[in-house]
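The following exercises are to be worked with the sequence and the coordinates at hand.

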Protein chains: 2
Amino acid sequence: MLNPETLSQLQNILGAQGLLTDPASLETYGCDWTKTYEPAPSAIAFPKTTAQVQALIQVANQAQFNIVPSGGRTGLSGGAVAAQGELVVSLERMNKILEFNTQDRSVTCEAGVITAQIQQFAAEHDLFYPVDFASAGSSQIGGNIATNAGGIKVIRYGLTRQQVLGLEVVTGKGEILKLNNGLVKNATGYDLRHLFIGSEGTLGIITQATLQLIRPPQNLTVLVLGVPEFGALMQVLMRFQADLDLSAFEFFSDRALHYLVQDKGLAKPFDTPAPYYALLEFENDSAGREQAALQAFQDCLEQGRVLDGVMSRSQTQAKALWRLREMISETISVYTPYKNDLSVRVSQVAAFLQAVDQIVAERYRAFEVIWYGHIGDGNLHLNILKPATMEKAEFFEHCAAVNEQVFALTQSLGGSISAEHGVGLLKRDYLSYSRSPEEITYMRAIKALFDPNQILNPGKLLS
Amino acid sequence: MLNPETLSQLQNILGAQGLLTDPASLETYGCDWTKTYEPAPSAIAFPKTTAQVQALIQVANQAQFNIVPSGGRTGLSGGAVAAQGELVVSLERMNKILEFNTQDRSVTCEAGVITAQIQQFAAEHDLFYPVDFASAGSSQIGGNIATNAGGIKVIRYGLTRQQVLGLEVVTGKGEILKLNNGLVKNATGYDLRHLFIGSEGTLGIITQATLQLIRPPQNLTVLVLGVPEFGALMQVLMRFQADLDLSAFEFFSDRALHYLVQDKGLAKPFDTPAPYYALLEFENDSAGREQAALQAFQDCLEQGRVLDGVMSRSQTQAKALWRLREMISETISVYTPYKNDLSVRVSQVAAFLQAVDQIVAERYRAFEVIWYGHIGDGNLHLNILKPATMEKAEFFEHCAAVNEQVFALTQSLGGSISAEHGVGLLKRDYLSYSRSPEEITYMRAIKALFDPNQILNPGKLLS
């Protein structure tokens with residue numbers, strides 16, 4: 001815990017309103033969307049400038065206390081949890097859009113800007129910020145970058161990494177680094193920017209970012225298709241991809257749909273029952289595209305790979321269909337799901353789904369399993385629901401035991417045990433399923449370079 | 001120099017044909033396309049396997065000699081020069097395509113595969129490898145990755161970095177790292193892959209790579225436009241980009257065209273004289289696109305931003321127009337050009353060109369200056385031709401002196417002194433114009449982690 005002297009030092013840096021220690025704030029800012037940890041920070045700092053962030057880090061190095069950088073706290077791996085008396089440094093008051101340039105099609109903003117605000121800002125300037133996911137309304141740009149956020153458009157536009165033209169960070173040592181200056185091309189040595197992207201606040205605190213915006217897609221059109229079996233899913237993907245640049249290829253199971261209908265009153269896309277559903281999106285910007293989509297649908301139908309389907313005829317319909325996919329996570333959250341976020345190469349997805357299904361059938365016999373995910377880029381979200389009568393602790397313990405088997409399978413296929421949710425606290429002890437001992441040794445050494453006193457997000461990512 | 005005992009150790013690793021020490025080989029493999037350094041390696045090793053590369057690095061660590069990793073040696077910054085008795089490790093016999101998967105649209109190959117071979121391989125499978133540049137016929141994939149090669153399609157498809165789904169490298173310490181396994185999504189800690197991309201052989205030797213292939217563009221159509229002044233260039237870019245996804249926006253001066261016509265017998269694109277030319281390319285895959293291009297051309301013409309223009313009507317015509325841009329480097333190479341490879345943000349290009357022009361007018365009064373570059377992503381290639389009567393040494397000395405001024409200007413605009421050619425030997429002492437002292441300190445520390453005995457490409461990138 002922080003002693004009174006340190007607290008008063010922090011107060012001096014941040015000003016009267018800049019430091020909170022009341023129980024409600026500690027509770028709120030001490031955790032993310034993982035609900036397995038008890039929040040217990042010492043205080044919450046709200047810097048307004050990079051210089052204040054730097055000063056906080058300098059004091060932490062002197063006084064030897066730990067800092068948890070904090071964005072929108074929508075993470076699902078405990079990366080923003082403060083359970084050990086740390087100082088939480090919230091970026092939420094560093095929320096200004098600083099610079100926009102039409103010619104560069106880029107925007108520079110502070111780390112605390114909400115993802116949806118950047119999307120909105122881009123739209124207002126006839127541009128597009130392509131990173132999108134269910135929590136875009138609360139997550140912050142700094143957190144997106146620190147976790148290399150993915151989401152629903154990765155298949156066409158890539159992850160957050162691909163949009164980052166420049167970063168300002170304060171390292172764990174307290175230096176301010178300005179990385180890459182918004183340039184498209186810069187071949188002057190190791191690109192440190194990419195080390196900070198996905199580093200989960202363990203190397204430095206991101207304070208500003210320059211993001212690439214792009215041409216907005218025209219007339220996005222959505223198809224939802226009923227698919228008879230896992231094996232057919234990827235064949236449907238291949239067929240559509242042969243003629244179209246898909247901007248999404250999502251999947252969910254009939255059990256996911258069941259809860260959407262039951263708990264949220266959403267309408268089924270069509271009456272024909274199907275065990276699995278695929279949601280596709282494409283830019284419908286010429287007559288040829290729609291024709292290609294309809295032909296692909298027809299072919300899949302004839303080959304028995306699709307049971308039924310629907311295509312949006314307006315942006316309203318497209319949005320409604322998207323809700324079938326986007327609302328799953330929120331809808332099932334009341335059932336205390338145990339979340340897996342796995343990925344393999346696209347070519348391995350069919351085999352992977354079969355093998356996971358077998359493990360699930362054996363080991364989760366008494367549990368309900370909800371499948372969904374960004375299957376077009378190999379990313380599966382496997383959610384196990386807690387039986388209402390089971391204690392949380394017992395449930396999580398059982399799931400953790402099954403994890404070992406699921407992760408071993410993932411490893412055997414060269415996959416990732418955390419496709420887009422990061423490692424944080426939750427996956428930390430499983431890191432070796434996806435990274436070699438040599439890689440982990442290098443990661444530790446790199447951590448020691450940028451944060452030699454281990455003050456930034458200790459215990460996250462690396463033990 | 002290597003002693004006989006070490007040479008025999010190397011011979012044992014590589015087999016009878018695997019080590020060359022004849023003067024012609026030393027000359028050939030001791031240099032790249034920079035002709036300012038005298039090649040003087042001790043021997044050339046031709047490993048055929050990753051295990052052999054590893055063994056070479058282990059011996060180098062024991063016997064304390066230096067290694068220069070060597071690809072197609074088309075570099076322009078001396079990154080592959082061996083002028084100090086080093087062992088050159090050529091990857092050219094590690095030239096197999098190992099694995100291809102239609103569903104992943106990815107190809108795994110050894111580092112010595114020629115860039116054009118991957119382009120060709122992709123085409124044979126109805127896919128596309130979008131990294132392209134004038135030296136694609138000789139450069140190798142390993143070298144492309146080690147320098148994060150850019151080229152003529154960056155504006156749409158990004159640099160080499162964007163295509164790299166996985167890497168196998170042998171570090172300077174001799175460990176084999178397999179990085180990212182070809183996955184699209186993998187949020188399990190620091191992405192070491194991105195450290196090796198653009199590291200110019202100073203951290204490890206890349207032995208294999210998994211590359212993303214994409215849908216081939218349809219009916220690529222090229223426009224060449226005559227432009228009256230620097231200022232108009234970027235306005236033309238903006239106008240076309242408003243309605244089209246350009247896959248190239250290149251520029252060259254009338255002096256470049258002069259040499260293409262005089263020395264290579266190429267035809268002028270049109271008779272109207274113009275001081276500068278823009279070359280644009282777009283995917284002409286629907287009637288609307290061509291209409292948009294013609295409308296943009298018309299608007300630019302009416303506003304006086306374009307003097308004349310021509311649009312390709314066939315793939316043959318498109319190729320012919322591309323030669324106007326692609327052959328410049330080769331054409332002027334006989335005039336011993338001093339090459340600058342600069343970049344700024346796109347929004348700064350107009351101001352940058354004006355300011356460079358002024359420096360050039362003052363400081364290169366007696367020299368001929370050839371302008372060209374990938375101006376759509378902010379990258380300018382400024383080439384100064386050596387007067388026939390001037391000694392090479394005197395010429396380079398003068399250019400180096402002017403450099404300071406050009407680099408200071410670049411720095412003041414937040415630009416890069418090496419946009420896509422890398423640092424190597426040639427830009428090493430200028431690194432601080434684009435990277436801060438703190439960044440350079442971190443780069444040194446990272447180098448020390450992966451190559452503690454400094455055996456890999458010493459003196460390149462970092463002094």
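**Exercise 1.** In which helix of chain A is the place of A:Thr6? Determine also whether A:Thr6 is buried or exposed.

*Solution.* The model is a predicted one.
Step 1. A:Thr6 lies in helix H1 of chain A, which covers residues 4-14.
Step 2. The relative accessibility of A:Thr6 is 6%. Buried means under 20%, so A:Thr6 counts as buried.
Step 3. When neighbours within four places in sequence are left aside, the contacts of A:Thr6 are A:Val59, A:Ala63 and A:Phe65.

**Exercise 2.** Which partners does the side chain of A:Asn379 reach through polar contacts?

*Solution.* 
Step 1. A:Asn379 belongs to strand E16 of chain A, residues 379-385.
Step 2. With a relative accessible area of 0%, A:Asn379 is buried.
Step 3. The side chain of A:Asn379 is in polar contact with the side chain of A:Asp341 at 3.0 Å. The side chain of A:Asn379 also reaches the backbone oxygen of A:Leu342, at 3.0 Å.
Step 4. Residues up to four places away in sequence not being counted, A:Asn379 touches several residues, among them A:Ser343, A:Gly373, A:His374 and, from the other chain, B:Lys185.

**Exercise 3.** Describe the interface of chain B and chain A in terms of residues, area and polar interactions.

*Solution.* 
Step 1. In this interface, 82 residues of chain B are in contact with 81 residues of chain A.
Step 2. The two chains bury about 6,500 Å² between them, and 54% of this is on carbon and sulfur atoms. On the side of chain B, the residues that lose the most area to chain A are B:Lys185, B:Tyr190 and B:Tyr442, together 16% of what that side buries.
Step 3. The rule finds 14 salt bridges across the interface. B:Asp104 forms a salt bridge with A:Arg345, with the closest N and O atoms 4.0 Å apart.
Step 4. H15(B) provides the largest share, nine residues.
Step 5. By type, the residues of chain B on this side divide into 28 nonpolar, 33 polar and 21 charged.

**Exercise 4.** With which residues of chain A is B:Ser347 in contact?

*Solution.* 
Step 1. B:Ser347 is placed in the loop between strand E14 (337-343) and helix H13 (349-363) of chain B.
Step 2. Neighbours within four places in sequence being left aside, B:Ser347 is in contact with A:Asn101, A:Gln103 and A:Asp104.
Step 3. The side chain of B:Ser347 makes polar contacts with the side chain of A:Asn101 at 3.5 Å and with the side chain of A:Asp104 at 2.5 Å.
Step 4. Within chain B, the C-alpha atoms of B:Ser347 and B:Gly378 are separated by 8.2 Å, the two residues being 31 residues apart along the chain.

Key. Residues are numbered from 1 along each chain as its sequence is written. Chains are lettered from A and ligands numbered from 1 in the order in which they are written. This is a predicted model: local features need pLDDT of at least 70, side-chain atom pairs count only at pLDDT 80 or more; totals for chains, interfaces and linings use all residues. Side-chain values use heavy atoms; hydrogens and water are left out. Contact means heavy atoms within 4.5 Å. Buried area is the accessible area (1.4 Å probe) that two parts lose on being put together, summed over both. A salt bridge is a side-chain nitrogen of Lys or Arg within 4 Å of a carboxyl oxygen of Asp or Glu. A polar contact is a pair of N or O atoms within 3.5 Å; within protein, one must be able to donate a hydrogen and the other to accept it, and residues adjacent in sequence count only if both atoms are side-chain atoms. Helices (H or I, at least four residues) and strands (E, at least two) are DSSP runs, numbered from the N terminus. Ala, Val, Leu, Ile, Met, Phe, Trp, Tyr, Cys and Pro count as nonpolar, Asp, Glu, Lys and Arg as charged, and the others, Gly among them, as polar. Buried means under 20% relative accessible area, exposed over 50%, partly exposed in between (1.4 Å probe, protein chains only).
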